[in-house]
Amino acid sequence: MEAVVVSNLNKTYEVGDVKVDALKSINIKIGEGEFAAICGPSGSGKTTLLNIIGGIDKPSDGKILVFGDDLTVKDEDFLASFRCNKVGFVFQSYNLVSTLTTAENITFPMEWAHKPEEYVIKRLNELLETVDLQHRADHFPFQLSGGEQQRVAFARALANNPPLLLADEPTGNLDTKTGQKIVQLLQKLKDEKKTVIVATHDERMMELADQKLYLEDGELVTPDE
Amino acid sequence: MSEAFFSVNDLLRRKLQTGIAITSLTLCVASTLFLLLFGERVGTGVFTAAQNRLTAGFSAILDNFMLFIGVLVFLVGVVIVSFTVFVMMSQRIRDIGLMKAAGCPNDLVFGYFMTELVITAIIGCSAGVALALVIDFGSASLLSSLGFAIPQTPFNYWLVLLVFGVFFAIALVLGAKPILDTARVEPAKAISPSYYFGMSKEPGVKVFSKSGLTFKIAMRSLFRRRSATIRIVLCLSIVFLLVTISVAGGIIADGTTRSWIERAVGKNVVLIAQQDMAAQYVGLLSKFYKTVQDSAFDYANVQYAVAESIINYLSSKPEITGVDPRLVLRMSVAEIRNFTFNPDTGETIPVGDDRKSVSLVVGIAPSQVLNNWLVDGRFIQDNQSREAMIGDSLASAMFSVPLSQGIRVAGNDFSIVGLCFDPINNGNVTYVPLETLQNMTGVGGPNVVLVKIAPSADRPQVISQIKAEVTAINPTFVVVELDDVLDSMLGFLGYVWSSIILLPLFSLVAASLCLIGYVMLSIAEQRQEFGVLRALGAKPGTIVKIVSGQSFVVLLAGYTVGVAFGIIATLLILVPNPLVTNYTVVQIAAWLLIALIATFIVSLYPALRFSKRSLREIMI
């Protein structure tokens, strides 16, 4: 079964009188358990495409099916629940909630999903172990390094065990050594047969990909074009 | 780019923030100026003393109120203006930092933002003056249409200039400080959220770990934004102090003074007198709410005397529960000096002087009196021919320690046994026993009779029977229902108090705008985080809950402090012998609750507006 099906998708932004085509006639199919990498220069539309797949943004026209649900016709309540339970999102700039500790940042999506307290504690310990941050559980984001913040962001994205993980340049702000830990984490997720879509320039992540998508000026292109 | 061009553009770009800042300033200037103008118009208040209306006792209470409220309105204005310019500049500190990082010199940065402040202050203060004048004009017209002869006072340019100047200066001084402070800091610091939102990095207060997520985020953000939070709580505390004193004090004072008037004039009381005498008596009562010039009137004229047969008829009528004959005269009175003995020094100390005046002197039969005045001291006893009770205005104008002194009327000395709040002749009145006054003056009998009709009786029918009988005895006599005069007095009092109660509405609206500014600041600070929360599955309602939780906590903190101090101040300082009934308490509680709920609902606007934004818009 396909996890993500994108058909004839267009996204146009209007800035005053000027129209900017961010995505043009995109058609993609990503199967369940597949690892897809979206590559392309800055401004090519990678983040916009991820946002649309994750239900953060809506296309101007076209269709987007995620696990059979047409996101273009769903209301905000459905999309909120969809983002909470079906998708894990990792942002380039970590985007942790500054007023919550590491543990609280990881557990709050589970609170929204109304998971029982015992489950939340067990899952928190599992995730802290996965990202190797048990010793940082009570620290606030400003007390963590960039790499540690990104690992917290991964743990948070995985909290509700979503079938789809979206990561927007997860190593973009990290040095090579720290970035390697993130790549290892993604390798682990691939081994667990999670559907992963990553927007990246990082060669190490491209090597993990089952499917590579190249975007240029909002259009899908083949690398030799 | 010229300073003016940049500043105007920047103000226009932030329409909502600019609108809030200007409106807050406008309301603060308008409420202060209107209070002063209103005080002048009703002839009492901050700058002027009572002028031929209201008795001395009432004026004293009103003066106290106006002064207290005037000080608070001004204080609220200062705090709100301070908060408004603080928020206005806090929203720009990051821009200032960015401009400095791009190489803009300090003096130019200061010039740009100072120009914005000057433009905002000029528009806000000018609009405030205009609004105050419009409301003042409207209120004067309303007074006239209600039949209150309030003279049109000349336009007080100095007062307008003073209020404009003070608020303009406050806005500039308080606003210049954050601009100057920011212009001096390094750019890196100015663009750091922990600086431009005045945040400390760690939460200063431990929040219960098992508390709900929204509450946790709301509380921690609140305590991190310490500087802004303290300012808004202070601002709301003073506003609610003002609201409580005005509403609670106004309602209590209104109820208390109404009760004094009702007791002094009496309800269901009918006046029977010769038509000119009746008109004169009503005129004497009307002095309480309108300026009435004294004219020559011969009270002792024999044609005004009430015939024995009229009194006998009235006394025999079963529907009449009381007959109160009075002899009303206008006479010279003099203060009688007294002496006290100081046991320590053996010295005799004089009390009072030998002041003289003209007063309304009313002879009453103590056992038949229908009124139930609020008396300081006691009422005249039935068997005491040389006791007098004087009105509050006469007491304050002519006596030092009235209850230790005496009063001389037509060469006859009386001990003053009581002081009463009485609207007749605006409190310039002396009550003495009727028989004594008749003997002193040689006037044969009373010239007015007051009667009280039983509440169970058919009032119109009884009045028409009295009219028929009285005019049959003497066709020049009339029957006047004093309830109409009482209604006018209570209407005037009601207008004065309700105007005072409504004044803080301005301050409350301005405070609500400040709260909106605070919530906007809070949203701006947490914008990215709210975006992340929503991207991870939070519904828009969750964001509204977090923001409304924050505004509710600051609102409740300000409310608790303000209301507590307000009630203490009202009961202890402002109204002597307050009349507080269960109904009064419910009325005050309802008004204060409405103020709290209304302010809270208004403060939700930015959160609701923010929740409608698309997630992408927030995340950019």
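Guide: Start with a pair of residues: B:Val362 stands opposite B:Tyr431 in strand E10 of chain B. On the other pairing, B:Met389 stands opposite B:Tyr431. This is a predicted model, where local features need pLDDT of at least 70 and side-chain atom pairs count only at pLDDT 80 or more, while totals for chains, interfaces and linings use all residues. Residues are numbered from 1 along each chain as its sequence is written, and chains are lettered from A and ligands numbered from 1 in the order in which they are written.

Visitor: Which strands are joined to E10(B), and how do they run?
Guide: Strands pair if DSSP finds at least two bridges between them. Strand E5 (residues 356-364) of chain B is joined to E10(B) by 5 bridges and runs parallel. Strand E7 (residues 387-391) of chain B has 2 bridges to E10(B) and runs antiparallel.

Visitor: How are two packed helices described?
Guide: By the angle between their axes and the distance between the axes. Here, helix H9 (residues 226-265) of chain B packs on helix H17 (residues 582-603) of chain B at about 155°, with axes 10 Å apart. That makes H9(B) roughly antiparallel to H17(B) (an angle over 145 degrees).

Visitor: What classes of residue make up that contact?
Guide: The contact of H9(B) with H17(B) has 9 nonpolar, 4 polar and no charged residues.

Terms used. Axes are lines fitted to C-alpha atoms, for helices over the stretch in contact, and angles run from 0 to 180 degrees between N-to-C directions. Helices (H or I, at least four residues) and strands (E, at least two) are DSSP runs, numbered from the N terminus. Angles under 35 degrees count as roughly parallel, over 145 as roughly antiparallel, 65 to 115 as roughly perpendicular and the rest as oblique. Ala, Val, Leu, Ile, Met, Phe, Trp, Tyr, Cys and Pro count as nonpolar, Asp, Glu, Lys and Arg as charged, and the others, Gly among them, as polar.
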